[in-house]
Structures are given as C-alpha cells and as structure tokens.
Amino acid sequence: MRFSILGLGSSLSEFREDESITIGVNDIFRHFRTEYLVVLDRAERFKGDRLHRIAMSNPKRLFSSLESWRDNTLAKSFTLLKFDAPRGAMSNLQDPFLRDVPEVVSCPHSISSPFVACCVAYYLGAKEIKLFGCDYFNH
C-alpha cells in the first residue's frame, strides 16, 4: 500500500493526486482534501482562519494526541494517539479501511506532525510512504 503524507511546506506543490492513501497535517484542507488528518498542536496555536479550516475539515478519521480535538472537528471518527510506545515498539493497525481501529493507539512521542503521520501510515500497513510539504526549513 502506498501513502502520501502532506505537510504545509513549499514542496507540497510537487504533490499530484494519485491512487495513494493521503494523510494530511493541520490545516492541509486549504490545499487538498486528505482521507486522514493528524493534528498535534492545541487549538489556540492556530491563528486566523487556520483553526476554522481544521474544524470544518471532514476526514475519515482524525488522529491527535489531544482529546480536545475529538469534538472540535467534523471528522467522521477520532483516534487518540498515546505517546507511550517504547522505542522500536509501535502498535500496528494493519487495517487500511479503519474498520477496527481502537480509540487509543500507542505512538512514539514527537512534536512533528509529519513524523506522526508517517507512524500512522506505518500502522495502517504502508509499504511505501512519500512525503510532500515536509520541508522543515523554518523549524
């Protein structure tokens, strides 16, 4: 299975929609509609219309380490990321259709949304992961 992780950096312009499963971060919906969304920051960190865009996004599932996002979006379903996985040990969901995804998933700790999105892709059974917009020039 092929996944595309969509961040908000300048290399996002190189992304072309294809058959890959998409996981976006934060307010990616202003550029592309993704199937899944990862948000790690608190809502107050998003200024202007960024918070509104996240709240109005409608992904199949939203993944966040913050319980507060559960009720703050139109996401069809929510999975809480629990940053407690020991190094090298990750939950493996292996269900690309997310039929039986638990409400809480162990994940390695990170403040990088694209990294966590990669972990989610891995959990879902990714064999190939491509990154777009994950440039880290200003981080």
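Visitor: In what order do the elements of the chain run from the N terminus on?
Guide: This is a predicted model: local features need pLDDT of at least 70, side-chain atom pairs count only at pLDDT 80 or more, and totals for chains, interfaces and linings use all residues. Residues are numbered from 1 along each chain as its sequence is written, and side-chain values use heavy atoms, leaving out hydrogens and water. The chain holds two helices and seven strands (DSSP runs numbered from the N terminus: helices H or I, at least four residues; strands E, at least two). From the N terminus on, they read β-β-β-α-β-β-β-α-β.

Visitor: Which strands are the edge strands of the open sheet?
Guide: The open sheet has seven strands in parallel pairing, ordered β6-β5-β4-β3-β2-β1-β7. Strands pair if DSSP finds at least two bridges between them. An edge strand here pairs on one side only, and that applies to β6 (104–106) and β7 (128–132).

Visitor: Which residue is the bridge partner of leucine 6 in β2?
Guide: β1 and β2 pair in the parallel sense, over four bridges. Within β2, leucine 6 has as its bridge partner glycine 24.

Visitor: What angle does the direction of helix α2 make with that of β2?
Guide: Helix α2 (residues 113–123) packs on the sheet, touching β1, β2, β3, β4, β5, β6 and β7 (contact: heavy atoms within 4.5 Å). Axes are lines fitted to C-alpha atoms, for helices over the stretch in contact, and angles run from 0 to 180 degrees between N-to-C directions. Against β2, the helix direction makes about 150 degrees.

Visitor: How many of the five residues of β5 are buried?
Guide: Three bridges join β5 to β4 in parallel, and three join β5 to β6, also in parallel. Threonine 79 in β5 stands opposite phenylalanine 63, while leucine 81 has valine 105 in β6 as its bridge partner. β5 is largely enclosed by the rest of the structure, because its buried residues (under 20% relative accessible area; exposed is over 50%, partly exposed in between; 1.4 Å probe, protein chains only) number four.

Visitor: Which residues do ring pairs link into a cluster?
Guide: The whole structure has four aromatic pairs (rings of Phe, Tyr and Trp, using its six-membered ring, with centres within 6.5 Å; planes under 30 degrees apart are stacked, over 60 edge-to-face, the rest tilted). Among them is phenylalanine 15 with phenylalanine 32, edge-to-face at 5.0 Å centre to centre and 90 degrees between the planes. That pair links distant parts of the chain, 17 residues apart: the loop between β1 and β2, and the loop between β2 and β3. Ring pairs build the cluster from Phe15, Phe32 and Phe132.

Visitor: Are phenylalanine 15 and phenylalanine 32 buried or exposed?
Guide: Take both rings of the edge-to-face pair. Each of the two, phenylalanine 15 and phenylalanine 32, is buried.

Visitor: Why is the pair of tyrosine 122 and tyrosine 123 called by its class, and which class is it?
Guide: Tyrosine 122 is partly exposed, at 42% relative accessibility. Tyrosine 123 is buried, at 0%. Their ring centres lie 6.4 Å apart with planes at 65 degrees, so the class is edge-to-face.

Visitor: Which cysteine has the sulfur nearest to that of cysteine 134?
Guide: The count of disulfides is zero (cysteine sulfur atoms within 2.5 Å). Cysteine 134 is buried at 16% relative accessibility, and cysteine 119 is buried at 4%. Cysteine 134 is in no disulfide; at 6.6 Å, the nearest cysteine sulfur belongs to cysteine 118.
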